[in-house]
Amino acid sequence: MDRLQETLVKWYAENRRDLPWRHRPTPYQVWISEVVLQQTRVSQGLDYYLRFTGKWPTVADLARASEEEVLKMWQGLGYYSRARNLHHCAKQIVEQHNGNFPADFEQLKKLKGVGDYTAAAIASIAFGLPHAVVDGNVYRVLSRLFDIDTPININEGQRLFAQLADELLDREQPSLHNQALMEFGALHCTPKNPNCLHCPLQAQCLAFERQTVAQRPVKLPKTKVSTRYLNYLVFRTNDKICLRKRSGDGIWKNLYDFPCVESEKAMTVDEVTRSEEFMQLIEGKTFTITKVSQNFTHKLTHRTLVAQFIEIKLEQELLLIETKDLFLTPERDLGNYPIPRLIDLYLNT
């Protein structure tokens, strides 16, 4: 174990990327970087990290922001529950911990949106506490080193890898060890085409010896992905456009889009305009369809969204508009609202 730890740290010293949260990592910087980089490549997430810490340099600054500001800043990263949890957590730290992150693993896990992984990252990297971090990179490296065929997405596998990572942890320098192991997985022991022939851990890698590298880690198949069709109604009247604020507990909660007729199969424009939802909105008023967009596809974890945007000119404003969730706004002000990536794709065309 000692030799493996030393090899990883040596490799990290020679190959690590120069990332801003690694210079003098504070709990706030580590937290922001970890939340932003969940489900996101560093190349994409770096700009978001810089914008977040530039606009809100402390957790107290972030807590004072409005949720709408945070969602707007987050726009394009997806998984918007992360942004809502981030904002909620900032308020929680200010209100319950006087603006300071607790230097305790169990207390960190009580924060909104902070699970074992993020708590371990903050505890080890910012506070130097001996907690092993297990992310996708760590799963991959350990499964290959020890040639483990237990699936990583079942409880048994997660417990096994957590225990193994803890046994492997260098307790004298947990921050350096965790970062080295994650970076090694990100840059060297990659999902496809890992550099096995020039790997400093080759002699210790059981998967290399047994030629099972390509089969590790093992992951059970995902739930079948369903398809949902979104027929967006882009109403325009008197230089204004109709927006909808999404409520409920969906993934786009408190983001803005357009009124929509949803369906489980593709609909023609004629079918959309004859639907009950459309008739309730239009209230019998005269309308002109000015444009129908191409289809836009957006893939989520368990669902694929296919959207078309039907642009409609109205001579009169809709009476049902101007509720708290459905309202008219000058089209030039669209950039002020946080919107899902799907809507952003449409607007950019």
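Tutor: The largest cavity holds about 120 Å³ of space. A cavity here is a set of points, on a 1 Å grid over the protein atoms alone, where a 1.4 Å probe fits but cannot get out; its volume is the space filled by probe spheres set on the points, which are joined across faces, edges and corners. Please note that this is a predicted model, in which local features need pLDDT of at least 70 and side-chain atom pairs count only at pLDDT 80 or more, while totals for chains, interfaces and linings use all residues. Residues are numbered from 1 along each chain as its sequence is written, and side-chain values use heavy atoms, with hydrogens and water left out.

Student: How many cavities of 30 Å³ or more does the search find?

Tutor: One, over the whole structure.

Student: Which residues are closest to the centre of the largest cavity?

Tutor: Phe184, Cys189, Cys196, Cys199 and Cys205, out of 15 lining residues, where lining means having an atom within 4 Å of a point. By class, 11 of the lining residues are nonpolar, three polar and one charged. Ala, Val, Leu, Ile, Met, Phe, Trp, Tyr, Cys and Pro count as nonpolar, Asp, Glu, Lys and Arg as charged, and the others, Gly among them, as polar.

Student: Changing topic, which residues touch the most other members of the largest nonpolar core?

Tutor: Trp31, Leu62 and Tyr232 do, in a core of 88 residues. A second, separate core has 14 residues, including Phe235 and Met267. Such a core is a set of buried Ala, Val, Leu, Ile, Met, Phe, Trp, Tyr and Cys residues joined through side-chain atoms within 4.5 Å; buried means under 20% relative accessible area, against over 50% for exposed and in between for partly exposed (1.4 Å probe, protein chains only).

Student: Is Tyr232 buried or exposed?

Tutor: Tyr232 is at 0% relative accessibility, so this residue counts as buried. Phe258 is also at 0% and therefore counts as buried.

Student: How many aromatic pairs are there?

Tutor: The whole structure has 19, a pair being rings of Phe, Tyr and Trp (its six-membered ring) with centres within 6.5 Å; planes under 30 degrees apart count as stacked, over 60 as edge-to-face and the rest as tilted. Tyr232 and Phe258 are edge-to-face, because their ring centres are 6.3 Å apart and their planes stand at 80°.

Student: Which aromatic cluster has Tyr232 in it?

Tutor: One formed by Tyr232, Phe258, Phe296, Phe309 and Tyr346.

Technical notes: 1 Å grid on protein atoms, 1.4 Å probe; cavity = no way out; pocket = protein on both sides within 12 Å on 5 of 7 lines; lining within 4 Å.
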